[in-house]
Amino acid sequence: MKSMTGYGRSSFVGDDFSVSVDLKTVNNRFLDVHLRLSSEVQSLEAAVKRRVTNRLARGRVDVSVTFERTTEVKYELNRPLIAGYVNALRMIQKDFDLPGEPDINIVARLPGALQPARDGLDDRMVAGVEQAVDEALDELEKMREQEGATLGAEMRDRLERIESLVPVIEAGAGGLAEAYRARLQKRIGELANFGGQNVEIDPGRLAQEVAYLADRSDVSEELSRLRSHLSQFREALDSTADTGKMLDFLLQELNREANTTLSKSTDLEIKSAGLAIKAEVEKLREQVQNVE
């Protein structure tokens with residue numbers, strides 16, 4: 001299991017160029033890749049994105065690729081831009097009868113006037129970029145696996161807490177029938193005393209009412225499914241495919257069983273255990289949001 005949070009960095013140095021790659025990932029429902037590439041390697045955007053999507057399944061990914069040439073850089077003149085600027089200055093000089101000549105220092109600092117010559121990328125440079133991206137992904141994956149192992153251990157602890165509450169609910173549910181019988185007998189006795197009448201209790205009718213109430217509050221199926229979901233959750237923690245999506249689904253099912261259990265019983269001990277299960281499920285939900 002992997003976390004969606006991680007960071008990876010790598011670099012590659014060639015004879016006449018260098019590449020550095022930074023990757024950062026955070027949680028997101030889907031895979032969302034954002035690229036920031038140096039101008040000279042913009043043509044590799046699709047290839048870089050493909051390498052990332054082949055390795056990652058979920059999360060927001062910020063990718064930064066910096067490419068620099070380490071040999072002497074030749075510059076090209078943006079002649080149309082410079083000519084237009086100089087002609088505009090001469091026009092200002094003529095129209096307003098101003099002295100002076102265009103300053104080469106000002107022209108050189110004009111945005112876009114001087115541009116590095118585009119010599120293109122050769123196979124060595126493309127291979128260097130790809131190697132740097134792959135190594136950064138390796139480092140990112142290593143960190144995400146470490147984070148995932150920590151998350152998995154914490155979630156297993158919460159599963160054990162939930163599992164320890166199931167017998168508490170079972171024990172409380174086991175005494176519900178007798179509790180209903182005693183409550184009904186007490187209530188009938190109170191009504192008889194209040195009316196001053198001698199009321200005889202029909203054992204068969206009482207047993208029928210107790211059975212009805214016990215059946216309505218039976219949570220054995222819910223607890224059986226809850227145990228099954230806990231087992232599946234543990235299996236999913238050891239899985240490597242779509243772990244986060246499976247855990248999301250199982251949390252919904254665990255929460256549903258806890259809600260049904262709470263709605264079926266008025267016993268304080270059962271309700272307390274059910275609420276404790278829901279609290280653990282919510283904490284698990286927060287952790288699962290960061291699982292790939």
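Before looking at strands, I noted the rule: two strands count as paired if DSSP finds at least two bridges between them. I also kept in mind that this is a predicted model.

**Entry 1: E2 against E4**

I started with strand E2, residues 17-26, and strand E4, residues 59-69. They pair in the antiparallel sense over ten bridges, which means they clear the cut-off of at least two bridges. I then walked along the pair to see who faces whom. Phe 17 has Arg 69 of E4 as its bridge partner. Further on, Leu 23 is bridged to Val 63 in E4, and Val 26 stands opposite Arg 60 of E4. I also checked how covered E2 is: seven of its ten residues are buried, so I wrote it down as mostly covered.

**Entry 2: the E1 side**

Next I looked at what E2 does with E1. The two pair in the antiparallel sense, this time over eight bridges. Together E1 and E2 form a hairpin, and three residues sit between them. For a landmark I picked Phe 12, whose bridge partner in E2 is Val 19.

**Entry 3: the E3 side**

Then I went to strand E3, residues 31-37. Seven bridges join E3 to E4, and these two strands run parallel. What sits between E3 and E4 in the β-α-β unit? The answer is helix H1, residues 45-55, and the unit is left-handed. H1 lies across E3 and E4 and runs at about 145 degrees to E3.

**Entry 4: the whole sheet**

Putting the strands together, I get an open sheet of four in the order E1-E2-E4-E3, with mixed pairing. The edge strands are E1 (6-13) and E3, each pairing on one side only. Neighbouring strands of this sheet are turned by 10 degrees against each other on average, with direction ignored. A reminder to myself about sheets: strands pair through backbone hydrogen bonds, either parallel or antiparallel.

**Entry 5: the cores**

I moved on to the nonpolar cores. The largest has 27 residues, and Met 155, Phe 233, Leu 247 and Ile 277 have the most contacts inside it. Which helices each supply at least two residues of this core? They are H4 (123-174), H7 (220-237), H8 (243-264) and H9 (268-288). H4 gives the most, with seven residues.

I clicked on Phe 233 to see its surroundings. Leaving out residues up to four places away in sequence, Phe 233 touches Met 155, Leu 159, Leu 247, Leu 250, Leu 251, Leu 254, Leu 284 and Val 288. There is also a second, separate core of 22 residues, which includes Val 19, Val 21, Phe 67 and Leu 140. Val 19 was already in my notes as the bridge partner of Phe 12.

**Entry 6: the chain overall**

Last, I jotted down the totals. The chain has nine helices and six strands. Buried residues make up 34% of its 292 residues. Among contacts with a separation of 6 or more, 81% are between residues 24 or more positions apart. The accessible surface of the chain comes to about 17600 Å², and 50% of it belongs to carbon and sulfur atoms.

Key:
Residues are numbered from 1 along each chain as its sequence is written. This is a predicted model: local features need pLDDT of at least 70, side-chain atom pairs count only at pLDDT 80 or more; totals for chains, interfaces and linings use all residues. Side-chain values use heavy atoms; hydrogens and water are left out. A crossover is right-handed if, with the strands pointing away from the viewer, the path from the first strand over the helix to the second runs clockwise. A nonpolar core is a set of buried Ala, Val, Leu, Ile, Met, Phe, Trp, Tyr and Cys residues joined through side-chain atoms within 4.5 Å. Buried means under 20% relative accessible area, exposed over 50%, partly exposed in between (1.4 Å probe, protein chains only). Contact means heavy atoms within 4.5 Å. Axes are lines fitted to C-alpha atoms, for helices over the stretch in contact, and angles run from 0 to 180 degrees between N-to-C directions. Accessible areas come from the Shrake-Rupley method with a 1.4 Å probe; for residues, only the protein chains shown count as cover.
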